[in-house]
Amino acid sequence: MAENNTGRIPTVIADDVHIVYRVSGGAGGKGSATAALSRILRGKKGQKQRGMREVHAVRGVSFTAYRGEAIGLIGTNGSGKSTLLRAIAGLLPTERGHVYTDGQPSLLGVNAAMMNDLTGERNVILGGLAMGMSREQIRERYQSIVDFSGINEKGDFITLPMRTYSSGMGARLRFSIAAAKDHDVLMIDEALATGDRKFQIRSEQRIRELRKQAGTVFLVSHSNKSIRDTCDRVLWLEHGKLLMDGPTDEVLKAYEKETGK
Ligand SMILES: Nc1ncnc2c1ncn2[C@@H]1O[C@H](COP(=O)(O)OP(=O)(O)OP(=O)(O)O)[C@@H](O)[C@H]1O
């Protein structure tokens with residue numbers, strides 16, 4: 001993208017973005033046996049289903065993110081933070097409005113796909129390949145990824161299947177693989193909350209480095225401290241709407257006043 005007249009380079013532009021989920025939910029709930037049975041009885045996939053419910057998760061959000069910025073996303077549970085990130089990553093279609101991005105943003109969520117039956121070691125290789133690193137780059141960075149994750153601090157865990165890891169260990173490994181690469185736009189969804197404090201400090205340091213390498217980082221977190229330590233700008237979402245967009249201190253102060261935390 002071209003530089004604008006302020007000299008800053010935009011990396012993500014969200015223009016009046018609306019995201020709507022469509023959920024088929026009968027009286028028994030979408031996961032129940034009766035709901036499944038009624039879906040089968042209703043027939044083919046393409047048919048319009050009765051009882052389809054809409055969740056308007058993001059409602060007219062607009063902002064521009066620039067290179068070198070670390071932007072925190074805050075808001076109470078269900079306010080639309082993860083949905084907005086998934087739309088920026090191109091994983092969800094917009095109902096209305098547009099998202100423009102410079103390059104392919106990488107979304108790192110605590111649920112990022114990893115193969116639980118494979119060892120941590122194999123997952124580093126697969127995860128690296130999935131993020132577009134070459135085999136050579138993965139070989140070069142392998143040890144620093146493992147060291148950064150701290151997985152081997154208490155024994156040789158990296159050669160064990162990932163299903164034997166605690167949720168914090170899995171999240172740390174995912175973050176370490178993603179952070180080994182320089183990203184144009186890196187989006188982190190709550191990854192920091194699952195690691196212990198020592199790991200959080202290391203990841204915050206890495207986020208600051210990624211920013212220096214001219215990328216843009218988005219961080220969804222319920223930890224105001226993580227946001228304060230890493231972000232210079234904060235977007236506050238509530239009920240899918242952008243309530244505030246401004247410098248970290250200003251927005252967090254208003255958020256803390258409103259929510260009491
Ligand atoms: N897959 C889905 N199908 C239907 N509705 C969904 C789906 N995912 C999220 N929602 C709904 O969209 C709204 C926004 O959810 P989202 O996960 O984006 O919020 P969030 O701000 O990230 O919440 P949290 O802080 O709890 O992680 C909520 O009302 C939620 O119920």
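Helices (H or I, at least four residues) and strands (E, at least two) in these legends are DSSP runs, numbered from the N terminus. The model shown is predicted, so local features need pLDDT of at least 70 and side-chain atom pairs count only at pLDDT 80 or more, while totals for chains, interfaces and linings use all residues. Residues are numbered from 1 along each chain as its sequence is written.

**View 1. Asp-16 in strand S1.** Look for Asp-16 in S1, the strand that covers residues 10-24. Its phi is near 50°, a positive value in a residue other than glycine. Asp-16 is exposed, as 12 other C-beta atoms lie within 10 Å. Here a residue is buried with 20 or more other C-beta atoms within 10 Å of its own, exposed with 12 or fewer and partly exposed in between, with C-beta atoms placed from the backbone.

**View 2. His-239 between two strands.** His-239 sits in the loop between strand S8 (233-238) and strand S9 (241-247). Phi is positive for this non-glycine residue, near 50°. His-239 is partly exposed because it has 14 C-beta neighbours inside 10 Å.

**View 3. The shell around the ligand.** Among the residues that surround the ligand are Tyr-21, Val-55, Asn-77, Lys-81 and Thr-83. S1, strand S2 (52-66) and helix H2 (81-88) are the elements that each give two or more residues to this shell. H2 gives the most, with 3 residues.

**View 4. The ligand shell by residue class.** The shell around the ligand has 7 polar, 4 nonpolar and 1 charged residues. Ala, Val, Leu, Ile, Met, Phe, Trp, Tyr, Cys and Pro count as nonpolar, Asp, Glu, Lys and Arg as charged, and the others, Gly among them, as polar.

Terms used: Near = placed C-beta within 6 Å.
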